[in-house]
Amino acid sequence: MSPRKAGRRKAPESFSVEKAHAAQLAMSKHVITEDHLPNEIRHVAGVDVTYTKDQSISVVVVLNHESLSINEYKVAYTKTKFPYVPTLLSFRELHPSFASIKKLEQHPDVFLVDGQGIMHQNRLGFASHLGLVLKAPTIGVAKRPLTGKVGEYNEANWAPITDKNDIIGAALLTERSKKPIYVSVGHMISLKRALDIVKHYTNDHRIPKPLRIAHRLVTKERRKLQKVE
DNA sequence: GCGACAG
DNA sequence: ATCTTGTCGC
């Protein structure tokens, strides 16, 4: 079976959705859902990707955890090699993201990623897949749910999301927004810690600051590119 | 079997 | 996600 048409690129002929799903399930066994990061966080990154006709543009921005100011950011342009297929987002966004991240001069303590972590049918959303590749802590932050059942909201304004008796993430209600954001463990972090970090960057907004900045920069880069095309 | 489905 | 103007709300 071939992936449904999406985006400009076609998946390679040799590609199979079934094999990709099996690979996700195998890789998910290596995901660590406990804290393997410093107690004192200094730098947090945000990663985002945007697309033109046939190019992917990725931005990674690193914020100072204390001051919330931008420490450094990098941009990478790569050729788009894979279409968007629901449940297979990482196959599209991993390479462009990796390209920008490897340009960083510092190693952030944790990466906020635009998409799901283990809140995924095969427990391997983009954030988890990226974490495994980087061997670094990652957190999935999605604007819409992908799978799981939303439970009751608690005092801290988040509701657990479960699937087959597993807590796979949380719907987090922020200050002035009716719509929750969907937070899940990417890699090398606990859900509790992931929520604390996301909340730290969510003051007054729905989307945490590292991702807002990354999205703003990536859009700016795309506009620049499209002007000369 | 059918539909829904992160970005 | 992207293509797009005005417009409603804080």
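Mentor: Let's go through the sheet, the packing and the DNA contacts in turn.

Mentor: A word on ground rules first. This is a predicted model, where local features need pLDDT of at least 70 and side-chain atom pairs count only at pLDDT 80 or more, while totals for chains, interfaces and linings use all residues. Residues are numbered from 1 along each chain as its sequence is written, chains are lettered from A and ligands numbered from 1 in the order in which they are written, and side-chain values use heavy atoms, with hydrogens and water left out.

Trainee: Which way do strand 1 and strand 4 run, parallel or antiparallel?

Mentor: Strand 1 (residues 43-51) and strand 4 run parallel, joined by 4 bridges, and V44 has V110 as its bridge partner in strand 4. Strand 4 also pairs with strand 5 in the parallel sense over 4 bridges, with V113 opposite G140.

Trainee: And where does the antiparallel part come in?

Mentor: Look at strand 9. Strand 5 and strand 9 run antiparallel with 5 bridges, and V141 stands opposite V183. Strand 8 and strand 9 are antiparallel too, over 3 bridges, and A170 also stands opposite V183.

Trainee: Why is L63 called buried?

Mentor: Its relative accessibility is 0%. Buried means under 20% relative accessible area, exposed over 50% and partly exposed in between, using a 1.4 Å probe and protein chains only. L63 therefore counts as buried. Its place is in strand 2, and its contacts (heavy atoms within 4.5 Å) include V44, I70, Y201 and P210, leaving out residues up to four places away in sequence.

Trainee: How do you know that strand 4 is mostly covered?

Mentor: Strand 4 has 5 of its 5 residues buried. V110, L112 and D114 point one way, while F111 and V113 point the other way. In a regular strand, side chains alternate between the two faces of the sheet. Strand 9 is mostly covered as well, with 7 of its 7 residues buried.

Trainee: What makes a group of residues a nonpolar core?

Mentor: A nonpolar core is a set of buried Ala, Val, Leu, Ile, Met, Phe, Trp, Tyr and Cys residues joined through side-chain atoms within 4.5 Å. The largest one here has 35 residues, and I139, V183, I189, I197 and V198 touch the most other members. Among the elements giving it two or more residues are strand 2 (55-64), strand 4 (110-114) and helix 4 (191-200). Helix 5 gives the largest share, 6 residues. A second, separate core of 14 residues includes V60, I101, L130 and L134.

Trainee: What does V198 touch?

Mentor: Leaving aside neighbours within four places in sequence, V198 is in contact with L112, I139, V141, L172, I181, V183 and P208. V198 is one of the buried residues of helix 4, and those buried residues pack against strand 4, strand 5, strand 7 (158-163), strand 8 and strand 9.

Trainee: Now the DNA. Which residues come nearest to DNA strand B?

Mentor: Of the 18 residues around DNA strand B, Y84, T87, Q116, K143 and R144 come nearest. A residue is near a strand if one of its heavy atoms lies within 4 Å of it.

Trainee: What makes the approach of R144 to the DNA a polar contact?

Mentor: A polar side-chain atom of R144 lies 2.3 Å from a phosphate oxygen of DNA strand B. A polar contact is a pair of N or O atoms within 3.5 Å; within protein, one must be able to donate a hydrogen and the other to accept it, and residues adjacent in sequence count only if both atoms are side-chain atoms. The R144 pair, at 2.3 Å, therefore qualifies. A polar backbone atom of F126 is 3.0 Å from a base nitrogen of DNA strand B.

Terms used
Two strands pair if DSSP finds at least two bridges between them.
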